[in-house]
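Trainee: Could we go through this structure together? I would like to learn how to read it.

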Amino acid sequence: MRIVVLAGGIGGARFLRGLKRAVPDADITVIGNTGDDIHLFGLKVCPDLDTVMYTLGGGIDEEQGWGRAEETFHVKEELAAYGVGPEWFGLGDRDFATHIVRTQMLNAGFPLSAVTEALCDRWQPGVRLIPMSDDRIETHVAVTLPGGDGGDGSAAGSGERKAVHFQEYWVRLRASVPAEAIVPVGAEQAKPAPGVLEAIAAADVILFPPSNPVVSIGTILAVPGIREAIADAGVPVVGLSPIVGDAPVRGMADKVLAAVGVESTAAAVAEHYGSGLLDGWLVDTVDAGTVERVEAAGIRCRAVPLMMTDVDAAARMAQEALALAEEVRGA
Ligand code: GDP
Ligand code: CA
């Protein structure tokens, strides 16, 4: 069975670990979000690709859900001693090595997809991980900054409206001000990376894990050609809600959903994707009351436990998603 999964960081990675356990023999292609990518200290950092790679390759900091296990922060401390920031982005020593290798290869002319493949040679994630695009796409968030001193001064202003990099919004500002708009800068001119459209066309089933619908999956779908390829693939497309009991399980997805005018409910996210894209949708058992609303939107819906408390729980979610896909296929 050939499965294509669109993935962000933590939610995507943890689901993928369950999927691998549920169907060990499946041929899994992951299309990873690169809208969160950022250049720091001259290095190209790809947080979502790395979260997937480290999680599936056994190198993730389990508790945190991102970054390397047994990490140290000497380089960061030394940079800070030179007064070189930003200090708000936590890059550990082990993690730095990944970004150095990546940047070196990019500078030598390799596309990001080839670089990602090379990094995965070490981590052996057991899936084929492809960035959504080799072209540079950066998610920006339009905000109105509160007046006064914003801390380090770099983004402070008096009611100033500006666009900040997604990482600055998420990590530095902790989504503390409303996101007024989300713009995947560069997406319009971008092309899907080699292998993306081919994998979608060859898929038996396409899954949307419980990743952020706006800044993870939404960004992948913003690359011209990807949304159309999925809609036209003619195979079941099944998603799992990242919203449980009207709130994101972790993170601040409600803030970016509000920016696109979508309420933070499992049903509203399904409607946001729409029946043109989604055939099936899983909501958590606490949201069983919304199944009818989702089905009224033309999307087959089931309520099952959706908390990835451990790998087995994620594997059961993957099984449910595949079962719903078969149900939809037979319909
Ligand atoms: P990020 O790039 O690291 O933010 O990760 P993703 O975009 O892949 O996933 C983030 C989403 O995962 C958030 O909106 C969370 O609500 C969701 N999430 C995290 N853990 C769980 C879980 O155990 N169950 C469900 N249903 N969603 C989860
Ligand atoms: Ca992310």
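**A loop residue, a core and a ligand**

Mentor: Let us begin with Arg174, which sits in the loop between helix H6 (166-172) and strand S8 (181-185). Helices (H or I, at least four residues) and strands (E, at least two) are DSSP runs, numbered from the N terminus. This is a predicted model, in which local features need pLDDT of at least 70 and side-chain atom pairs count only at pLDDT 80 or more, while totals for chains, interfaces and linings use all residues. Residues are numbered from 1 along each chain as its sequence is written, chains are lettered from A and ligands numbered from 1 in the order in which they are written, and side-chain values use heavy atoms, with hydrogens and water left out.

Trainee: Is Arg174 buried or exposed?

Mentor: Arg174 counts as exposed because its relative accessibility is 52%. Buried means under 20% relative accessible area, exposed over 50%, and partly exposed in between (1.4 Å probe, protein chains only). Its phi is near 50 degrees, a positive value in a residue other than glycine.

Trainee: And what about phi in Gln124?

Mentor: Gln124 has a positive phi of about 45 degrees, although it is not a glycine. Gln124 lies in the loop between helix H5 (112-123) and strand S5 (128-131).

Trainee: Changing topic: which residues have the most contacts inside the largest nonpolar core?

Mentor: They are Tyr169, Phe208, Ile230 and Trp281, in a core of 59 residues. Helix H11 (residues 266-273) gives the largest share of this core, six residues. A nonpolar core is a set of buried Ala, Val, Leu, Ile, Met, Phe, Trp, Tyr and Cys residues joined through side-chain atoms within 4.5 Å.

Trainee: What does Phe208 touch?

Mentor: Leaving aside neighbours within four places in sequence, Phe208 is in contact (heavy atoms within 4.5 Å) with residues including Leu6, Ile230 and Tyr273.

Trainee: Now the ligand. Which residues come nearest to ligand 1?

Mentor: Of the 20 residues around ligand 1 (a heavy atom within 4 Å), Pro210, Ser211, Ser216, Leu306 and Met308 come nearest. An oxygen atom of ligand 1 is 2.7 Å from a polar backbone atom of Pro210. Another entry is Met308, with a backbone N or O atom 2.8 Å from an oxygen atom of ligand 1.

Trainee: How much of ligand 1 does the protein bury?

Mentor: Taken alone, ligand 1 exposes 600 Å², and the protein buries 91% of that (Shrake-Rupley method, 1.4 Å probe).

Trainee: Last one: which peptide bond is cis?

Mentor: The bond joining Gly85 and Pro86 is cis, with omega about 5 degrees.

Technical notes
Polar contact = N/O pair within 3.5 Å; in protein donor to acceptor, adjacent residues only side chain to side chain.
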